[in-house]
Amino acid sequence: MKRARILFNGELTAVTVNDNNDAVLNDGTVIAEAEANWQPPCDGKIFVLGLNYADHAAELAFKAPEEPLVFLKGPNTLLGHRKNTYRPDGVDYMHYECELVAIIGKTAKNVSREEAMDYIGGYTVGNDYAIRDYLENYYRPNLRVKSRDTCTPVGPYIVDAKDVADPHNLALKTYINGELKQSGNTSDLVFDIPYLVEYLSAIMTLEPGDMIFTGTPEGLADVKPGDEIVTEVEGVGRLVNTIISETDYLASLN
Ligand SMILES: O=C(O)C/C(=C\C=C(/O)C(=O)O)C(=O)O
């Protein structure tokens with residue numbers, strides 16, 4: 001089953017998603033994929049892994065961490081499928097990051113690695129944009145790199161965990177304007193999902209809807225206003241996002 005949330009008649013509305021990726025309301029009404037007003041598929045804490053693929057750490061000339069490098073993002077960053085993310089004026093490097101996102105399905109505290117997968121409710125696709133002008137080293141707050149409004153598209157929907165046979169063997173791909181730019185596989189995760197659930201649930205209680213962005217493989221490229229970015233995780237979904245200028249973004253708020 002695929003579950004999502006759309007804005008319908010001005011209200012946040014839970015829907016299921018059919019085989020054509022259209023939204024289906026409770027009463028059976030179908031809203032075409034390209035017409036639906038997609039929202040982030042859940043609320044919750046947003047955990048993000050840094051440098052959780054050794055090849056990505058290497059392309060930034062970092063060593064892969066020996067303990068998970070996790071940061072929290074604010075809800076201001078979240079955005080649904082087919083929405084616009086702005087590129088701040090005057091920056092030189094804005095990079096997409098295609099990620100598998102594991103969604104917590106039930107309350108988890110001090111969960112062992114062995115039991116951890118029972119606490120995953122589903123999976124979605126995330127794009128953890130980075131303004132790399134401000135990347136300094138990896139033990140630092142990363143507000144300027146990763147916390148801008150609109151910089152975390154997520155969705156379009158959550159696939160139930162039971163429908164993803166092996167989350168540790170999924171292809172990740174990013175396309176800019178149809179051209180393949182990033183390609184990796186979750187089999188290369190430095191810290192896998194059970195490890196992360198054990199690690200995080202030892203620090204704090206995890207609740208249904210919490211999201212674990214598991215990191216991105218190598219393959220960075222700069223994105224500019226007008227670019228369409230598609231991040232895709234095999235068997236989980238295809239998330240579309242468009243880059244706009246900061247000026248256009250600010251104008252859209254009025
Ligand atoms: O910006 C970086 O690449 C380093 C980093 C975070 C990286 C990710 O989000 C990732 O590897 O997916 C950091 O916070 O230092």
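# A guided tour of the predicted chain

For a chain of 254 residues, a compact globule would have a radius of gyration near 18 Å, and the 17 Å of this protein chain agrees with that expectation. The model on screen is a predicted one.

**Whole chain.** Begin with the complete chain in a cartoon view. The secondary structure comprises 4 helices and 19 strands. Taken along the principal axes, the C-alpha atoms fill a box of roughly 50 × 45 × 30 Å. Of the 254 residues, 42% are buried. Among the contacts that join residues at least 6 apart in sequence, 73% link residues at least 24 apart.

**Two domains.** Next, colour residues 1-38 and 40-252 separately; these are domain 1 and domain 2, respectively. Their C-alpha centres lie 23 Å apart. Where the two domains touch, 8 residues of domain 1 are in contact with 11 residues of domain 2. On the domain 1 side of this contact, strand 1 gives the largest share, with 4 residues.

**The nonpolar core.** Now select V101, A102, I103, Y123, V197 and M211 and show their side chains. These are the residues with the most contacts inside the largest nonpolar core, which has 56 residues. Strand 11 supplies the largest share of this core, namely 6 residues. Because domain 1 (1-38) and domain 2 (40-252) both give residues to the core, it lies between them. In soluble globular proteins, nonpolar side chains tend to be buried together.

Keep V101 selected and display its surroundings. Which residues are in contact with V101, leaving aside its neighbours within four places in sequence? The contacts of V101 are Y123, T124, V125, G126, V154, M211, I212, F213 and T214.

Then select residues 171-176, which make up strand 15. The pairing of strand 15 with strand 16 is antiparallel and runs over 6 bridges. K173 can be displayed with S183, the residue of strand 16 that stands opposite. The two strands form a hairpin with 2 residues between them, and N177 in the turn has a positive phi of about 45 degrees.

**Two further asparagines with positive phi.** Select N9, in the loop between strand 1 (2-8) and strand 2 (11-17). Although N9 is not a glycine, its phi is positive, at about 50 degrees. Is N9 buried or exposed? N9 counts as exposed because it has 5 C-beta neighbours inside 10 Å, and the cut-off for an exposed residue is 12 or fewer.

**A cis peptide bond.** Centre the view on G155 and P156. The peptide bond from G155 to P156 is cis, with omega near 0 degrees. P156 is found in strand 14, which spans residues 152-160.

Why does L220 count as partly exposed? L220 has 18 C-beta neighbours inside 10 Å, whereas a buried residue needs 20 or more and an exposed one has 12 or fewer. Not counting residues up to four places away in sequence, L220 touches E59 and H95. To end the tour, draw a distance from L220 to L200: the C-alpha atoms of these residues, 20 residues apart along the chain, are separated by 27 Å.

Conventions:
Residues are numbered from 1 along each chain as its sequence is written. This is a predicted model: local features need pLDDT of at least 70, side-chain atom pairs count only at pLDDT 80 or more; totals for chains, interfaces and linings use all residues. Two residues are in contact if their C-beta atoms, placed from the backbone, lie within 7 Å. The radius of gyration is taken over C-alpha atoms; the globule rule is 2.2 Å times the number of residues to the power 0.38. A nonpolar core is a set of buried Ala, Val, Leu, Ile, Met, Phe, Trp, Tyr and Cys residues joined through C-beta atoms within 7 Å. Domain bounds come from an automatic or database domain assignment. Two strands pair if DSSP finds at least two bridges between them.
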